[in-house]
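Please keep the sequence and the coordinates in view while reading.

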Amino acid sequence: GEIQTQPDTIISVQPSVSETSKFTITITNTSNRHISWGVYPNADEFDVTVMMKFGMLESNESTTTEFTAKSIEWDTEEEYNEYLQDLDEENNDYVEVRWTNTPENVYKQICPCIFMYDDIVARRKRIYIHYNKDRSQ
């Protein structure tokens, strides 16, 4: 099966000094097969968590999953701004979407362990996280 994500390759997140930032990714099954999917955040800069990590999609079905980027405690606003300035070249944070074909007769609830089997062919797509430092938004 094939998927399409929105956003496709980069998601822009506005980091906050005092609040948790939220962002979403929509996953659409563009194939004519049932698929199981999982999302795996890999974020070193901020504590990124996902609300719905796994699921199944029928042909042409979509789902939206929400993520949060937890704010980091800073002693001063200046310290926070300095940290954001250094974030440009060092950032390699991303969300990885994995999916695999699933038989049609499987109950529509997926176990995350499906992606751990040696004989499962899982496809992967990375959506990179861009931390937007523009405070005006």
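Strand β1 pairs with strand β3 (residues 21-29) in the antiparallel sense over four bridges; strands here are DSSP runs of E with at least two residues, numbered from the N terminus, and two strands pair if DSSP finds at least two bridges between them. Within this pairing, Gln4 has Thr28 of β3 as its bridge partner. The model is predicted, so that local features need pLDDT of at least 70 and side-chain atom pairs count only at pLDDT 80 or more, while totals for chains, interfaces and linings use all residues. Residues are numbered from 1 along each chain as its sequence is written, and side-chain values use heavy atoms, with hydrogens and water left out.

The two strands belong to an open sheet of four strands, ordered β1-β3-β7-β5 with antiparallel pairing. Its edge strands, β1 (3-6) and β5 (47-50), each pair on one side only.

Thr65 lies in strand β7 (residues 62-70). Thr65 counts as buried because its relative accessibility is 1%, the limit for buried being under 20% relative accessible area (1.4 Å probe, protein chains only). Beyond its neighbours within four places in sequence, Thr65 is in contact (heavy atoms within 4.5 Å) with residues including Phe23, Val39 and Val50.

Phe23 also has a place in the largest nonpolar core, which has 21 residues. Such a core is a set of buried Ala, Val, Leu, Ile, Met, Phe, Trp, Tyr and Cys residues joined through side-chain atoms within 4.5 Å. Phe23, Ile27, Val39, Phe67 and Ile129 have the most contacts inside this core. Among the elements that give two or more residues to the core are β3, β5 and β7.

Conventions: Buried means under 20% relative accessible area, exposed over 50%, partly exposed in between (1.4 Å probe, protein chains only).
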